Amino acid sequence: SPRIKKEDADQEHLVFDSIPDNTVGSYVRLVQNMNFLTLGEVKVYGIVHDICVPKPMTNLALNKPAYQSSTLSSDNDNDHNWEASNAVSGKHKRKSTCTETDRKNWWQVVFSKVDATIHKIVLYNRYEGPYDRLKGAVVTIRNSNNKLVWESEAIQEDDAKQLVFEDFPNDVVAGCNVRIMQSKNYLSLGEVEVYGTIPILEEEDAKELPKIINYPWVGIDLEEPTIITKIVLYPQNDHNHEGCGFPIHYTIEGALQNPNSDTSSWFVLTEKKEEDTADTPRIIEIKPPQLVRYVRVVGNQLRQQDDQMQLVEMQIFKEEEADTTTVCEATNEE
C-alpha cells in the first residue's frame, strides 16, 4: 500500500502506477489518520471482469476440438495420419495436419464457450517441410456471437518454421475460436498455439445470473461439420392455417460440439423478426458461410393465437452448392 509523501501532498494530482502486473481487486480505499480527507476525483484504470476471475495466460488451443475442410489420406503411410487434432496436441515436432486438396482449405479450433482474452497466436509449419504451405493464408478470430473480430494474412519467409501474431488492437482481442484459411495451396500445420486467458464464473455470483428461458426449437444433426450458406424454412400453408405456429421472432443457431451434453455450445447464426403472418418459404442467407454440425431454429416469440411452434420443412444448403444441393431436410407436419 503506497503512502503519500509529505513533499507530494500539495500537488494537483498524484499517480500510482507501480502496481504489480495482473493485480486483481474490487475496490480502492484511501485512509487519512492525521487530517480531514478531501478528494476532488479518484480514477482507477484497468480491465473490468464483472463477475469473472481471469486464469493465468496459457495455450488455450491445447487438446481442444479442431476441424478441417478435408484430411489427406494416409493409405500409403500407416504411421502418419493428417488429422486436424494433430495441430493442438502439443507435439508439433511429431505429427502434422494436411488437407486433401490445394484449393479453398481451412482449419479451425474452438477453445472456449465464452470470449477469451487473446494475447498471441503462434503457427508452426509442418515439422518435416515443405515450409511454404502457410504463404498467403488468412488467420481469423471470431467471438462468441460468431462476429469476426480480427483477421490477418500470413506473411511468411521461405524457410520460416513458425509465424507469430500479436499485433492486436489494444494488444489483445476477445474471441472463442481461431480459423486458418488457405485458398492457393494445401493447408498443413505442425501446431497452433493460442495464448490468453479465459474468465471463470465465480460459483456464488453464478447463482445470481438470470435463468435461461426454454424457448421451443426444431433442430438437425448434419452428422459431420459442414460449411452452410443458406437455410429455407417452410411454414404451414394449409387453407385457414397459413403460417400457423411460425414464430414472429426467431433465432437460427449452430454448434460444432454435441449440444445434448453441452447446451452452451450453441452460437447465433442470424436473428429474424417476421410480420404477424408467414405463409411463404423464408430464405435465409448465412453470411459469411459458417462451419456447423448442428443447426436449430429457436422460436423466441409466437403469435398470440399459437400455443406451439410449427414448421413444415427446414432445408439447409452447403457451400458452393446452395443452388442445387440440400444437405439435410427436417419435416414437421404436426
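Is asparagine 63 buried or exposed in this predicted model? Asparagine 63 counts as exposed, because its relative accessibility is 59%, above the 50% cut-off.

**View 1. Asparagine 63 sits in a loop with a positive phi.** The loop runs between strand E2 (58-59) and strand E3 (66-68). Phi of asparagine 63 is about 60°. The residue is not a glycine. Most residues other than glycine have a negative phi.

**View 2. Glutamate 223 carries a positive phi within a strand.** The strand is E13, which spans residues 217-234. Phi of glutamate 223 is near 80°. Glutamate 223 is exposed, with a relative accessible area of 65%.

**View 3. A cis peptide bond leads from lysine 287 to proline 288.** Its omega is near -10°. Proline 288 belongs to strand E16, made up of residues 282-301. Most peptide bonds are trans.

**View 4. Aspartate 221 and arginine 293 form a salt bridge.** The closest N and O atoms are 2.8 Å apart. Aspartate 221 lies in strand E13 and arginine 293 in strand E16, so the pair ties together parts that are 72 residues apart in sequence. Aspartate 221 is partly exposed, at 32% relative accessible area. Arginine 293 is also partly exposed, at 25%.

**View 5. Arginine 296 and glutamate 253 meet in a salt bridge.** The N to O distance between their side chains is 2.8 Å. Arginine 296 is in strand E16, and glutamate 253 is in strand E14 (residues 249-255). The two residues are 43 apart, and the pair links distant parts of the chain. Both arginine 296 and glutamate 253 are buried. A search of the whole structure finds two salt bridges.

**View 6. Glutamine 108 is a buried residue in strand E4.** The strand covers residues 105-110. Glutamine 108 counts as buried because its relative accessibility is 7%, under the 20% cut-off. Its side chain makes a polar contact of 3.4 Å with the side chain of arginine 179. Leaving aside residues up to four places away in sequence, glutamine 108 touches Pro65, Ala66, Tyr67, Asn177, Val178, Arg179, Leu256 and Leu291.

Note on methods: Residues are numbered from 1 along each chain as its sequence is written. This is a predicted model: local features need pLDDT of at least 70, side-chain atom pairs count only at pLDDT 80 or more; totals for chains, interfaces and linings use all residues. Side-chain values use heavy atoms; hydrogens and water are left out. Helices (H or I, at least four residues) and strands (E, at least two) are DSSP runs, numbered from the N terminus. Buried means under 20% relative accessible area, exposed over 50%, partly exposed in between (1.4 Å probe, protein chains only). A polar contact is a pair of N or O atoms within 3.5 Å; within protein, one must be able to donate a hydrogen and the other to accept it, and residues adjacent in sequence count only if both atoms are side-chain atoms. Contact means heavy atoms within 4.5 Å. A salt bridge is a side-chain nitrogen of Lys or Arg within 4 Å of a carboxyl oxygen of Asp or Glu.
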